[in-house]
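This briefing sets out selected computed features of one protein model.

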Amino acid sequence: MTDNDTQPDPTPDDIPATLPLIPLRDVVIFPFMIFPILVGRESSISAVTESIEQDKFIFVCAQRDPEDEEPGIEGLHPDGTVARILQVLKLPNGLMKVLVDGLFQASATNITFPKKSHYRADIEVMRPPVLMNTELKALMRQLDTVFEEYVRVHRDIPNESLLGYDHIDEPLRKLYYVSANLLVDIPTRQSILEIREVVQQYYHLIRIINDELAILKVEHEIDEKVNENIQRSQRKFFIQEQIRILQRELGEDEEVESGEFEELQERIVESGMPDDVMAKAIEEMDKLKKTPMMSPEATVIRNYIDWLVALPWATFSDDNLSVRNARRVLNADHYGLEKPKERILEHIAVLNLVGEMKGQILCFAGPPGVGKTSLGKSIARALDRKFVRISLGGVHDEAEIRGHRRTYIGSMPGKIIQVIRKAGTANPVILLDEIDKMSHDFHGDPTSAMLEVLDPEQNSTFTDHYIDAEFDLSKVMFITTANVQYQIPLPLQDRMEIIELPGYLEHEKLEIAKRHLMQKQIAEHGLQGFNVRFEDDALMRIIREYTQEAGVRNLERSIATVCRKLAKEIVFTMSGSASRKKAEKDLFTVTPERVEEYLGVPKYRSRRLTRTGKVGSMIGLAWTSVGGDILHVDVSMMKGQEKLTLTGQLGDVMKESAQAALSYLRSNAERLGIAEDAFEKRELHIHLPEGAIPKDGPSAGITMIMAMLSLLLGKAPQPDIAMTGEITLHGDVLAIGGLNEKLLAARRHGIQRVLIPEDNAKDLADVPKKILRGLKIIPVATVDDAIPHVFGYPRKRKPSV
């Protein structure tokens with residue numbers, strides 16, 4: 001350790017023009033400030049060593065980035081302080097503790113950093129003139145005031161700081177003392193050293209303190225508000241406890257609590273819950289009596305008891321078992337849907353005979369907009385039961401079905417128990433909507449939880465995690481809905497009776513629009529008092545040219561758009577009460593010609609105009625999640641490498657079907673009359689239009705083989721014919737699915753003849769007669785059976801070998 005000898009205070013003239021420089025992190029040293037510096041960088045140790053060996057003067061300044069280990073010259077603030085080293089202590093870890101005394105404010109005019117050395121700076125010592133005029137005296141008094149208030153308000157500055165300040169009379173010492181004791185960031189401290197005039201430094205320092213005082217006052221107000229809230233809560237708790245003690249002394253508290261608990265026990269007894277559940281409820285009530293009412297545990301227990309009491313353990317609604325009433329309600333609410341209606345009437349008929357029947361779990365599967373959800377509401381209305389709906393789309397947590405255990409904060413029962421409480425009866429109709437859209441993740445698999453709910457042999461003892469008691473769901477009538485049957489897990493399908501709801505034909509949509517949609521939209525748009533009429537041809541044009549769907553949702557939206565346009569017309573024609581009466585007498589008719597005026601350019605053109613026989617083009621039938629549709633298959637051939645190109649965003653199964661079709665044609669080319677060199681040095685291209693829509697499945701196999709055969713033979717197919725069927729390498733046509741939807745699509749698009757696999761002929765019995773009306777169904781077993789029907793001439797069969 002090196003100690004300095006007693007020597008007189010230096011003057012600015014004693015300071016050398018060039019000094020060693022030490023960059024500082026997170027600190028700004030002011031004149032008249034003694035401060036210890038921990039030195040660790042080799043360059044800084046070298047600078048301290050040189051300073052000690054010479055006159056002990058050193059220049060200290062802050063670096064711009066405190067995280068920079070070796071700052072460049074640009075990374076140093078040029079304004080700093082000339083200091084004198086008072087003590088140096090070498091530490092065992094190689095560091096050096098240096099005690100410096102700030103002397104003068106200075107500025108580095110030039111900084112250098114020689115290799116393997118330390119920073120050096122040519123400095124200019126500031127010699128600001130200090131004139132004790134009126135302005136400076138006022139500034140000193142102002143500084144006294146604001147600094148005293150700053151120390152008083154700031155909780156981290158000790159009051160002893162004012163004792164040292166009160167004994168200072170010199171303006172510069174006051175300025176630097178206050179600057180050194182401010183708890184502000186480095187840039188703010190550094191900004192004081194960047195000012196050369198003392199008066200301006202005073203102004204700047206007072207401005208900084210005032211800004212800090214404003215922030216401190218806001219912080220103090222926030223603290224007071226927080227403490228006030230805490231004190232208010234504590235005071236409320238203390239007062240409540242005092243009142244409780246006084247009531248206990250007077251015997252009133254026991255009367256109030258006993259009254260509440262007697263009422264709660266009476267509700268438990270009257271709830272009709274089973275004996276084991278009642279015993280659990282009474283046990284929880286005993287815990288509640290011993291628990292302070294202000295504790296969180298009391299709230300948890302009370303919520304649990306309230307849920308147990310609120311459930312309809314023994315509350316049932318009386319079923320209306322009139323078959324005639326059920327038929328009237330179902331027919332009034334829905335047009336068509338004969339199969340699901342018949343199933344409901346069968347169920348009600350059985351209930352008339354046996355009184356109780358398990359296993360009433362139906363699944364309505366069909367495209368969007370065909371009335372699955374509304375049919376569930378109609379069933380509940382026909383039976384006079386409460387109706388509740390649970391949307392399962394996007395449900396991915398098993399706890400949403402079974403609930404959370406009471407150990408979790410904010411836990412509550414699952415959706416099943418919640419809707420049971422909402423219904424208020426133990427035998428409602430519960431609609432589980434979009435059951436095919438449930439998913440699963442690390443939280444669990446909700447479809448597994450649904451197995452118990454939908455199993456008639458298990459749901460009589462359904463246990464919710466929150467209720468932790470068995471609840472009988474066997475009296476509940478569950479109805480589920482789905483768009484795509486194959487997306488429902490097989491164990492769930494096994495527990496339900498699946499009823500397919502096909503899409504609507506044009507005449508059915510017309511009847512639905514006339515019976516339901518039109519009156520509904522006229523009422524919703526305030527047109528009941530006006531003579532508004534839709535012509536049948538106008539509705540049919542909306543159906544054909546503005547909607548293309550299996551259901552009627554877009555049709556309803558289009559009718560709503562027309563009603564809005566009519567409402568605007570009517571309002572514009574009215575200017576008073578007399579004109580309203582006149583408007584009510586006027587006839588507002590929606591004609592086919594005005595449909596385009598209301599709805600704009602038609603969205604869908606009729607495909608009848610494009611369905612003329614073309615070589616290399618065939619029409620297939622496809623199944624989609626929104627119903628059936630037709631599928632165009634186009635084939636072309638060009639010179640090039642022998643290969644098969646497939647476009648139109650086809651899936652792997654469809655690509656394999658195309659390859660199988662090509663292999664069949666090549667292996668049977670001679671027998672089918674195809675030229676021997678038809679495939680040599682030629683590229684075959686198969687394209688399915690509407691390439692933005694993914695397509696997959698094997699049922700387009702026969703369509704692709706006929707399209708290729710048409711091109712290779714140069715023969716156009718017969719008009720108004722479509723087909724569906726999977727093919728094998730031997731030319732057999734295999735059965736397909738979705739026959740009902742595909743035939744409906746053919747009927748919707750005006751196709752007259754349809755080729756189907758012979759194995760699907762038996763399924764025609766399940767197809768509604770109204771779909772088959774006007775269609776000629778031709779079952780085929782092989783490709784050879786289909787050729788005469790497609791090309792319109794008989795072919796002599798040749799042996800394959």
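The model is predicted. By class, 16 nonpolar, 12 polar and nine charged residues make up the lining of the second largest pocket. The notes below turn to that pocket, then to a nonpolar surface patch, and finally to one glycine.

**Second largest pocket**
- The space in the second largest pocket comes to about 850 Å³.
- Its lining comprises 37 residues, of which E500, P502, N740, E741 and D766 are the closest to the pocket centre.
- Two or more lining residues come from each of the elements α11 (338–354), β14 (497–500), β17 (617–624), α25 (739–748) and α26 (769–772).

**Nonpolar surface patch**
- V218, I222, V226 and I230 together make a nonpolar surface patch of about 320 Å².
- One of these residues, I230, belongs to helix α6, which spans residues 198–250.
- I230 counts as partly exposed because its relative accessibility is 40%, a value that lies between the limits of 20% for buried and 50% for exposed.

- Strand β5, covering residues 79–90, contains G80.
- The relative accessible area of G80 is 2%, so this residue is buried; the cut-off for buried is under 20%.
- Along the chain, G80 and T724 are 644 residues apart, and a distance of 89 Å separates their C-alpha atoms.

Technical notes. Residues are numbered from 1 along each chain as its sequence is written. This is a predicted model: local features need pLDDT of at least 70, side-chain atom pairs count only at pLDDT 80 or more; totals for chains, interfaces and linings use all residues. Side-chain values use heavy atoms; hydrogens and water are left out. On a 1 Å grid over the protein atoms alone, a cavity is a set of points where a 1.4 Å probe fits but cannot get out, and a pocket is an open set with protein on both sides within 12 Å along at least five of seven lines; lining residues have an atom within 4 Å of a point. Grid points are joined across faces, edges and corners, and a volume is the space filled by probe spheres set on the points. Helices (H or I, at least four residues) and strands (E, at least two) are DSSP runs, numbered from the N terminus. Ala, Val, Leu, Ile, Met, Phe, Trp, Tyr, Cys and Pro count as nonpolar, Asp, Glu, Lys and Arg as charged, and the others, Gly among them, as polar. Patches are made of residues with over 30% relative accessible area and no salt bridge: like charges are joined within 9 Å, nonpolar side chains (Val, Leu, Ile, Met, Phe, Trp, Tyr) within 5 Å. Accessible areas come from the Shrake-Rupley method with a 1.4 Å probe; for residues, only the protein chains shown count as cover. A salt bridge is a side-chain nitrogen of Lys or Arg within 4 Å of a carboxyl oxygen of Asp or Glu. Buried means under 20% relative accessible area, exposed over 50%, partly exposed in between (1.4 Å probe, protein chains only).
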